[in-house]
Amino acid sequence: MVMPSGETVVDVVDSLLVGFITPEKAAEIKAKFPIVVDSIVGWIRDSAAAQNWSRVERLANLAAQLRPPGLGGILRELLDAGIAELNNEDVVDILGEIREASAAGSIFRLVERSAESDAPAYWLCQKAILSLSELETDEANEYLLALTRPSWPGPIRWHAAVALQIEDDLGFEEDRMLGQ
């Protein structure tokens, strides 16, 4: 859709996406541009096809507040694609926030792909573990349990155990597991 100014609606909406998108800001955009809810997943897909990763990220953060149908699916696809230029921390955060249960496998595969490069702080892995815990499904919990196995680095094991609330049961000592 083209505005009277000649800009597309997505261009106008994108220009409004500065800084953190609060629920109030999202509601304001939705009120001004009702088409956004039905269009934003397509805009994310189009922006990804154009490899406009900063726009994908901005739109995804707005979509997280609006919760349009199909959001989890497109974010799962992007996460599975392993796009280095995309802020996967935001994507994994959003998947947990919207409780996209079908994303558990995608989030786990992200941890598998990124554990080595995410060392030593494991920030992305920590966000992925938190998102898995937010899903609150048996599948997500199975992935979290798998992350407590000795084959994983200590910080990943520790955070997964904490997410499952089994760190004491598994005999983890926080200082030792976090490498302190």
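Trainee: Where does V111 lie?
Mentor: V111 lies in helix α7. Helices here are DSSP runs of H or I, at least four residues long, and strands are E runs of at least two, numbered from the N terminus.

Trainee: What kind of model is this?
Mentor: It is a predicted model, where local features need pLDDT of at least 70, side-chain atom pairs count only at pLDDT 80 or more, and totals for chains, interfaces and linings use all residues. Residues are numbered from 1 along each chain as its sequence is written, and side-chain values use heavy atoms, with hydrogens and water left out.

Trainee: Back to V111. Buried or exposed?
Mentor: Its relative accessibility is 0%, so V111 counts as buried. Buried means under 20% relative accessible area, exposed means over 50%, and partly exposed is in between, with a 1.4 Å probe and protein chains only.

Trainee: What does V111 touch?
Mentor: V111 touches C125, A128, L147 and W152, leaving aside residues up to four places away in sequence. Contact means heavy atoms within 4.5 Å.

Trainee: And how far apart are V111 and L144 in space?
Mentor: They are 11 Å apart, C-alpha to C-alpha, and 33 residues apart in sequence.

Trainee: New topic. How many aromatic pairs does the structure hold?
Mentor: Two. Rings of Phe, Tyr and Trp (its six-membered ring) pair if their centres lie within 6.5 Å; planes under 30 degrees apart count as stacked, over 60 as edge-to-face and the rest as tilted.

Trainee: What are the distance and angle for F108 and Y143?
Mentor: The centres are 4.6 Å apart and the planes 20° apart, and this pair is stacked. F108 sits in helix α7 (residues 104–118) and Y143 in helix α9 (residues 138–146), 35 residues apart.

Trainee: Why is F108 with W152 called edge-to-face?
Mentor: Their ring centres are 6.1 Å apart and the planes stand at 70°, so the pair is edge-to-face. W152 is in the loop between α9 and α10 (154–164) and F108 is in α7, so the pair ties together parts 44 residues apart in sequence.

Trainee: Are F108 and W152 buried or exposed?
Mentor: Both are buried. F108, Y143 and W152 form one aromatic cluster.

Trainee: Now the helices. How do α3 and α4 cross?
Mentor: The axes of α3 (residues 35–49) and α4 (residues 53–66) come within 9 Å and cross at roughly 155°. Axes are lines fitted to C-alpha atoms, for helices over the stretch in contact, and angles run from 0 to 180 degrees between N-to-C directions.

Trainee: So are they roughly parallel or antiparallel?
Mentor: α3 and α4 are therefore roughly antiparallel. The cut-offs are under 35 degrees for roughly parallel, over 145 for roughly antiparallel, 65 to 115 for roughly perpendicular, and oblique for the rest.

Trainee: Which residues of α3 and α4 make the contact?
Mentor: Among them are I40, W43 and I44 of α3 and V56, L59 and A63 of α4. By class, the contact has 13 nonpolar, one polar and one charged residues. Ala, Val, Leu, Ile, Met, Phe, Trp, Tyr, Cys and Pro count as nonpolar, Asp, Glu, Lys and Arg as charged, and the others, Gly among them, as polar.

Trainee: How do α2 and α4 cross?
Mentor: The axes of α2 (residues 23–32) and α4 come within 9 Å and cross at roughly 90°. They are therefore roughly perpendicular. P23, A26, I29 and K30 of α2 meet L62, Q65 and L66 of α4.
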